[in-house]
Amino acid sequence: MSTTTIVLLALVAIIVLWVVFAFNRLVLLTNRAKEAWADIAVQLKRRYDLIPNLVETVKGYAAHESSAFENVTKARAAAMGASSSMPGSTADKVQAENQLSGALKTLFAVSEAYPDLKANQNFLQLQQELGDTEDKIQAARRFYNTTVMALNTTIQSFPGNIIASLFGFSLMDLFELAESDKAANEPVKVQF
Amino acid sequence: MDLYQQRASNIRRTWALVLGFVVVVMAVGYAISWYYGDPAIIVIAAAIAIATNFYAYWSSDRLVLSLNHARPASRQEFFDFYTVTENLAMTAGLPMPKLYVVDDPAPNAFATGRDEAHAVVAATTGLLAMMSRSELEGVIAHELSHIKNNDILLMTVAVVLAGFIALVADIFLRMSFWGGGRRDDSGKGNALFVVLAIVGIILAPLAAKLIQLAISRRREFLADASSALLTRYPEGLASALEKLGSYTAPMRSANLATAHLFIGDPFGASASGGKGSSGWMGKLFSTHPPIPDRIKALLAPQA
């Protein structure tokens with residue numbers, strides 16, 4: 001074998017190896033982002049599970065605040081029903097979750113007017129747990145954004161973009177509040 | 001320099017320090033081998049340095065906890081501590097570390113453990129009482145960053161290298177004193193070489209210690225920057241550091257061996273950050289950068 005042949009074979013081998021590594025890296029980053037998205041749903045479920053207990057506790061002290069209860073229960077049902085298969089089709093899910101957050105905020109604001117309720121141990125614990133759940137949802141979303149950023153940067157940078165377009169890896173959406181998402185952006189209105 | 005640039009700069013400077021360290025180690029090793037014509041000393045010193053430190057690294061979680069008389073922290077008793085750590089670990093993509101509490105009025109926190117899966121985070125009761133939730137988030141994010149950036153492993157490597165040099169120098173000096181084993185050579189040129197080698201060997205442990213401390217300080221800056229990137233709220237950590245800086249008494253269980261693991265110098269703020277140590281000598285010999293410098297690095301990008 002001549003030197004040129006050896007050098008050429010070595011070059012081909014290096015290129016093949018690089019393609020393999022780059023492809024596998026994109027697969028890993030994509031799967032991490034998908035898992036991070038699924039993890040958000042885990043935290044959302046925590047919230048769904050805590051809410052019925054909260055509604056019952058508040059009803060015990062403020063039974064006639066029916067609109068607040070109805071809003072929370074309806075929003076919870078809507079959020080649980082909204083599909084969250086994969087980012088891209090999840091604008092509905094995000095909006096439903098934000099509406100639920102808004103309804104919860106209103107329920108807590110309404111509870112401010114009932115000092116007996118505010119002193120109730122169960123209520124206080126639920127309030128603390130729901131507050132922590134909101135933090136966890138935020139943490140899960142932020143981690144999701146970190147993984148998406150890593151994936152998108154790899155797909156867009158050179159020479160990764162060659163592999164990405166060759167094998168059809170696509171960018172994923174960051175978790176963002178849409179401009180039109182009024183429910184989350186506006187302050188909570190409380191009327192007595 | 002924004003936080004991303006600071007993080008990159010701190011990592012680069014760590015590598016430069018480690019490279020310099022390795023060069024010093026190799027120079028010492030070479031000098032000794034040449035002097036005795038026999039690498040036995042190097043091998044023995046390396047074996048001792050690695051063996052003694054490997055055990056400490058592997059069981060770092062248990063060792064540091066017992067040194068500091070720490071007890072496990074439950075979610076019921078320490079809701080804020082627990083949930084802050086849980087949420088930050090989620091944001092960082094780390095498994096939840098084991099949480100411990102040290103009964104001590106001096107505010108401080110440390111992280112240890114040989115890897116992510118065996119990580120431990122501990123805080124003093126003084127810290128938990130003193131900090132607001134967002135300040136606590138800054139502190140915990142700093143500790144989690146130490147775990148994520150593998151600082152425990154890095155500092156163990158640095159201690160091994162420094163220990164190796166110290167052992168070599170020690171053996172060399174003892175053997176020279178008792179007059180053993182030197183290769184027989186004559187000539188003036190060799191005498192100069194010998195003198196240089198002896199001076200080098202005596203100074204080497206000092207140089208090694210200084211490099212080790214420089215690495216420790218650089219990683220503290222890195223943990224601060226990583227913490228701010230994790231919480232996206234550098235003011236939280238800056239405010240916590242200010243509170244830490246104004247508490248001057250040392251911790252009850254302050255200990256030279258584990259000092260570098262804590263967020264603040266456990267020997268008291270005056271040891272690193274107070275007026276006494278702003279001089280360059282104080283700065284050179286401390287495991288932590290002065291607190292005013294750390295606060296400046298955190299808040300500067302905003303200014």
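Trainee: In β4(B), what is the bridge partner of F110(B)?

Mentor: The bridge partner of F110(B) in β4(B) is A122(B). This is a predicted model, where local features need pLDDT of at least 70 and side-chain atom pairs count only at pLDDT 80 or more, while totals for chains, interfaces and linings use all residues. Residues are numbered from 1 along each chain as its sequence is written, and chains are lettered from A and ligands numbered from 1 in the order in which they are written.

Trainee: What makes β3(B) and β4(B) a pair?

Mentor: Two strands (DSSP runs of E, at least two residues) pair if DSSP finds at least two bridges between them. β3(B) and β4(B), residues 120-124, have 4 bridges in the antiparallel sense, so they pair.

Trainee: Which way do the residues of β3(B) point, and are they buried or exposed?

Mentor: A109(B) and A111(B) point one way, F110(B) and T112(B) the other, and all are buried. Buried means that 20 or more other C-beta atoms, placed from the backbone, lie within 10 Å of the residue's own; exposed means 12 or fewer, and partly exposed is in between. In a regular strand the side chains alternate between the two faces of the sheet.

Trainee: How confident is the predictor in chain B?

Mentor: pLDDT is its confidence in each residue, from 0 to 100. For chain B the mean is 83, and 89% of the residues reach 70 or more. Over residues 270-277 of chain B, however, the pLDDT is below 50. Where pLDDT is low, the predicted coordinates should not be read in detail.

Trainee: And what ipTM does the complex get?

Mentor: The predictor gives an ipTM of 0.71, with a pTM of 0.81.

Conventions:
Two residues are in contact if their C-beta atoms, placed from the backbone, lie within 7 Å.
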